[in-house]
Amino acid sequence: MSSAPETQAATDAELTADIRASTRDEPVSARLRTDERVLARVTDGIYRQPGSAIRELVSNAYDADATQVIIKTDRPRFETLTIEDNGNGMTPDALAYLLHHIGGSAKRSPGGSDLGITDRDDPMRSPNGRKLIGKIGIGLFSVSQLTNRFHLVTKTQGDDSLTIASVVLRQYSDHSPAETDDEGKYQAGLVKIWREPASDPEAHGTTVTLTDIRPQTRDTLRSNEVWAVVDADPSLDPEESRAVEPPTFHIGRVKHDDPSSLEGDADPFDKLPWSPGDIPDVAFEKLVNAVWEQVEGKAKNPRLSDIFDYYLRMVWQLSLSIPAPYVFGSPFELAFGDGMYLYEIPMATKAAAESFELDEGETILGTRSIGHSANVGSDFAVYFDDLRLRRPLKFTDLPNTAHAVRKPILFVGRCSEQFKGIPHELSAGPLEFEAYLIWTPKVAPTEHQGVLARVHGSSGTPFDPTFMRYQVSEQTRLKQITCEIFVTRGLEAALNIDRESFNFAHPHVVYLTQWLHAALRRVATEQKRVAGEIRAGRRATAAAETQAAVSDVARRAWREESDDPGAEPPHVVFDDAPEEPMFEESGTYRFRRAPVLGDKAARPTAAETTTEKQMEALVQLLAAFDVLDNLSEQQQERLLAGIRKILEASA
């Protein structure tokens with residue numbers, strides 16, 4: 001019997017014959033193959049947004065050990081787009097492999113090191129030791145959503161020539177039966193490659209230039225749909241239309257009838273939060289601060305879709321997805337002092353969170369050794385036109401709100417699950433991660449409400465506002481929580497092909513979901529407790545102030561009526577004993593508690609304590625005017641009980 005077809009020479013007919021001759025004892029083995037049309041469908045669009053294609057090119061640069069990526073556009077026209085990196089570049093061998101094995105990446109394979117793509121000792125790392133982001137080799141195809149034509153220039157250090165490729169891609173939906181090769185197979189694209197002398201043999205890196213941007217993609221990048229709604233005349237259909245304000249911040253727009261010209265004569269920076277002279281780091285800080293400033297302005301709950309055009313939203317989402325430092329510092333490396341309530345989530349799923357404090361200058365990373373994984377990307381700088389992209393999350397100097405809990409509550413934790421005793425095919429191997437959850441009265445923008453999981457510093461998913469399908473009625477509280485999970489081992493196999501969603505049936509996602517939901521319950525418990533303590537403290541303070549004020553009124557009246565500035569009013573006692581005489585000692589008024597104040601509670605509330613102090617002051621006030629001395633004990637009790645009821649009814 002024939003063995004499994006191991007090479008391309010094996011034909012369908014041979015496999016068919018083997019299947020017909022097979023038995024239970026002698027089954028046929030065969031390798032599954034990917035039809036070119038499957039790869040062609042990738043070019044039809046597995047990514048949801050144009051920004052996803054740029055993200056994939058940035059990820060490729062990161063995997064190539066680049067320390068800098070520069071993205072340039074001709075906004076708001078978007079006729080061309082360039083992504084330049086200073087990574088390792090590709091040898092002719094690596095480029096040939098890439099073009100002939102789309103969907104069969106040399107990353108994470110033993111042959112990757114021979115092509116200069118992976119570390120010689122660890123195929124899961126880049127030549128310089130970075131944990132790889134890409135895995136299946138379709139990142140270059142992502143540009144087909146932006147254009148069907150791109151130019152690639154690449155060079156490795158020490159090579160005296162540039163390798164240049166001009167690529168024309170075809171989307172499967174665009175092809176006709178005539179666009180097949182001699183064997184009748186669909187051609188995913190054509191490429192012309194040549195070599196040219198390099199001016200600097202030591203230079204290295206890759207530049208991808210996109211031209212002939214697809215019309216539908218160009219319309220998206222220009223925010224044409226938004227501007228069409230803004231320009232719509234509400235009077236044409238008053239019931240269906242309403243005046244729509246333009247985005248608060250935008251890059252301007254081209255004229256509808258002349259895309260080469262800009263609409264209006266205004267300064268193109270007039271609607272941007274940064275100025276032309278700002279350095280890229282400062283410009284991005286201003287972009288982030290502009291969102292938070294909306295909280296104290298007209299947009300109390302700012303949404304990026306309301307305040308940004310598509311370009312700025314794309315930049316924001318890209319800054320969240322790539323390995324990059326935080327714009328104002330990592331939550332693990334900021335010296336919060338007493339500016340936050342801090343907790344560590346224990347490894348045991350049912351144990352309570354542990355409260356801890358930081359001394360001046362101390363950080364969570366330094367004292368708890370949590371947060372090393374958040375530093376991934378600290379050696380990676382990505383520039384997008386005027387901006388240097390960094391994670392746009394802010395943890396300090398947040399706006400004040402009327403919420404009882406004024407300080408944020410930060411939870412940090414880590415987990416290392418080995419799945420001992422469970423076969424690898426069921427557990428998918430070990431899972432390791434670190435995480436933080438931060439509760440704040442306001443989350444800005446609202447798109448940051450939720451959880452975002454990073455694998456080796458990268459994420460294709462936005463914040464998930466459902467917190468991985470958390471089925472508990474904590475909607476208000478969930479809108480006040482931001483969570484990031486930094487996976488250092490595992491989870492990669494759970495990423496779907498677009499890297500923008502997870503397979504929720506994967507064991508690692510199941511475990512991560514359980515961990516997150518347990519952490520959310522801890523957050524809810526502690527936030528309620530902290531808020532309760534704060535409210536109780538405020539009530540106690542208010543009660544003490546009220547008690548002091550009424551006592552002062554009684555004291556002043558006593559001194560005025562006695563004509564003795566140093567005199568103190570009589571002592572007042574409400575006693576539980578039912579048969580005690582009214583006067584026990586000189587200068588003291590004693591009353592039975594039950595007839596005047598009602599039965600004493602086991603744990604009196606602040607309101608009950610305040611009422612008792614008010615009644616003491618009233619007795620002193622009445623005594624100052626000799627009102628009580630002319631009444632019997634029963635009359636005194638009825639008078640005081642009546643006053644108490646009036647006070648309680650008006651409270």
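This text walks through a predicted model of a protein, from its overall make-up to single residues.

The protein has 16 helices and 16 strands. Its chain has 651 residues, and 44% of them count as buried. Contacts between residues at least 6 apart in sequence can be sorted by how far apart the partners are along the chain. In this protein, 71% of such contacts join residues at least 24 apart.

On the α7 side, the residues that make the contact are Phe284, Leu287, Val288 and Val291. They meet Leu312, Trp316 and Ser319 in α9. Sorted by type, the residues of this contact are 6 nonpolar and 1 polar, with no charged residue.

Helix α3, residues 50-63, is another partner of α9. The axes of α3 and α9 come within 10 Å and cross at roughly 35 degrees. The crossing of these two helices is right-handed. From α3, the residues Pro50, Gly51, Ile54 and Arg55 take part, and from α9 they are met by Tyr310, Met314, Leu318 and Ser321. The contact of α3 with α9 is made up of 5 nonpolar, 2 polar and 1 charged residues.

What does Gly51 touch, leaving aside residues up to four places away in sequence? Its contacts are Tyr310 and Met314. Gly51 itself is in helix α3. With a relative accessible area of 13%, Gly51 is below the 20% limit and therefore counts as buried. Gly51 also shows how the fold brings together parts of the chain that are separated in sequence: Tyr311 is 260 residues away along the chain, yet the C-alpha atoms of Gly51 and Tyr311 are separated by 8.9 Å.

The next stop is the loop between strands β12 (431-439) and β13 (450-455), where Thr446 is placed. Is Thr446 buried or exposed? Thr446 has a relative accessible area of 17%, so it is buried. Apart from residues up to four places away in sequence, Thr446 touches Asn301, Pro302 and Arg303. Pro445 is found in the loop between β12 and β13 as well. The peptide bond leading from Ala444 to Pro445 is cis, and its omega is near -5 degrees.

Another cis peptide bond runs from Arg75 to Pro76, with omega near -5 degrees. Pro76 is placed in the loop between β1 (68-73) and β2 (81-85).

Met468 has a phi near 55 degrees, which is a positive value in a residue other than glycine. Met468 sits in the loop between β13 and α12, and it is buried, with a relative accessible area of 8%. Leu491 also has a positive phi without being a glycine, with a value near 75 degrees. The loop that holds Leu491 runs between β14 (481-489) and α13 (507-562). Leu491 is buried, at a relative accessible area of 1%.

Helix α12 consists of residues 475-478, and Gln475 lies in it.

The last topic is cysteine. Cys415 is buried, with a relative accessible area of 7%. Cys483 is buried too, and its relative accessible area is 0%. How many disulfides does the model have? A pair of cysteine sulfur atoms has to be within 2.5 Å to be counted as a disulfide, and by this rule the count is 0.

Technical notes: Residues are numbered from 1 along each chain as its sequence is written. This is a predicted model: local features need pLDDT of at least 70, side-chain atom pairs count only at pLDDT 80 or more; totals for chains, interfaces and linings use all residues. Side-chain values use heavy atoms; hydrogens and water are left out. Helices (H or I, at least four residues) and strands (E, at least two) are DSSP runs, numbered from the N terminus. Buried means under 20% relative accessible area, exposed over 50%, partly exposed in between (1.4 Å probe, protein chains only). Contact means heavy atoms within 4.5 Å. Ala, Val, Leu, Ile, Met, Phe, Trp, Tyr, Cys and Pro count as nonpolar, Asp, Glu, Lys and Arg as charged, and the others, Gly among them, as polar. Axes are lines fitted to C-alpha atoms, for helices over the stretch in contact, and angles run from 0 to 180 degrees between N-to-C directions. A crossing is left-handed if the near helix is turned anticlockwise from the far one by less than a right angle, and right-handed if clockwise.
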